[in-house]
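Here are my notes on this model for your first read-through. Keep the structure open as you go.

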Amino acid sequence: MSEAPPRSWLFVPADSEKKIAKACDSAADAIIFDLEDSVAPERKATARDILKGLGKRSCGPQWWVRINPLRTDEHRRDLKLIGLADIHGVVLPKAESGGDVLELAHRTGNIPIHAIVTETAASLFGLLSYRDPKSPLAAMSWGAEDLSAALGASSKYDADGGLSFTYRMARSLCLAGAVAAGVQPVDGVFADFRDEAGLTAEAAAAAREGFTGKLAIHPAQVDPINAAFTPSADEIVHAQGIIAAFEAQPGAGVLSVGGKMVDLPHLIQARRVVERSSR
Ligand code: COA
Ligand code: MG
């Protein structure tokens with residue numbers, strides 16, 4: 001990927017011109033205009049009209065549209081929007097397999113697709129199916145809200161307050177599935193938008209595990225998310241040290257840097273850090 005992938009992906013209900021203006025003023029790397037769950041059925045036509053009226057990109061972030069799921073009437077209506085406003089990519093909710101992505105791509109052409117891949121029971125069995133070099137898939141994210149509704153769960157949490165195993169499994173499968181497919185792994189939403197400390201901790205944990213971005217639902221979540229997915233000055237210096245050490249000894253497979261062993265996996269990770277710091 002030449003352009004650094006978005007760190008923050010901010011959802012904005014597409015039927016709210018006020019929120020769209022606010023989202024444009026935020027520092028989000030990507031805005032997702034939502035036509036799906038945050039827009040009531042009787043407001044979907046209004047939301048589509050607003051998107052049609054947006055025309056050429058008038059604010060900084062990448063513009064994405066979350067359309068309604070495959071094989072629904074609303075989905076077919078949403079598709080008519082593609083190519084009208086200055087849309088960078090399409091977010092596909094309730095994706096169950098790489099086949100779903102190809103089915104969408106068949107109708108939308110080469111426009112990048114971000115699939116939300118853990119929202120139905122069946123979706124959990126499809127996470128290795130997104131690997132396809134011909135697919136325009138660019139990112140995969142996971143969601144717990146729809147999955148818990150689909151499974152009939154009364155809660156997503158264990159008695160100790162942590163996310164239950166099923167949702168942690170879905171999150172890890174999304175991460176590994178996205179990396180296997182060579183696309184961006186994006187962590188899911190943190191719903192409690194007044195809890196900045198909680199968001200900061202969750203985003204930092206996601207970044208440590210390998211996610212390179214996170215969904216947001218409120219403008220106040222953008223800055224903490226951008227910070228969590230931006231390598232710190234120390235991390236950059238450390239990564240540059242590893243790269244320099246290998247450049248100084250081109251034939252070496254393993255080296256000592258700062259008293260620690262470094263080999264190929266460390267070099268790959270160091271290159272990633274430097275690439276991400278270029279934003
Ligand atoms: N994008 C842009 N602006 C937003 C926003 C968003 N996602 N969420 C809130 N704002 C705006 C509000 O309109 C408000 O503007 P104002 O000061 O001009 O009135 C300001 O930010 C502060 O909002 P606040 O009062 O803290 O929250 P709220 O009660 O108005 O909204 C939600 C709470 C959850 C309804 C709102 O954040 C939202 O719509 N989020 C997106 C939901 C979504 O898209 N879900 C689908 C994916 S899971
Ligand atoms: Mg949903």
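1. How far apart do the C-alpha centres of domain 1 and domain 2 lie? They lie 33 Å apart. Domain 1 spans 8-228 and domain 2 spans 233-276. These bounds come from an automatic or database domain assignment.

2. A word on the basis. This is a predicted model, where local features need pLDDT of at least 70, side-chain atom pairs count only at pLDDT 80 or more, and totals for chains, interfaces and linings use all residues. Residues are numbered from 1 along each chain as its sequence is written, chains are lettered from A and ligands numbered from 1 in the order in which they are written, and side-chain values use heavy atoms, leaving out hydrogens and water.

3. Look at ligand 1. There are 16 residues around it, each with a heavy atom within 4 Å of the ligand. Phe11, Lys18, Lys19, Ile217 and His218 come nearest. This shell holds eight nonpolar, two polar and six charged residues. Here Asp, Glu, Lys and Arg count as charged; Ala, Val, Leu, Ile, Met, Phe, Trp, Tyr, Cys and Pro as nonpolar; the others, Gly among them, as polar.

4. Now check the polar contacts (N or O atoms paired within 3.5 Å). An N or O atom in the side chain of Lys18 is 2.8 Å from an oxygen atom of ligand 1. For His218, a polar side-chain atom also lies 2.8 Å from a ligand oxygen. For Ser38, the distance is 3.5 Å.

5. Finally, the cover. Ligand 1 has 890 Å² of accessible area on its own, and the protein covers 66% of this. The areas come from the Shrake-Rupley method with a 1.4 Å probe.

Conventions. A polar contact is a pair of N or O atoms within 3.5 Å; within protein, one must be able to donate a hydrogen and the other to accept it, and residues adjacent in sequence count only if both atoms are side-chain atoms.
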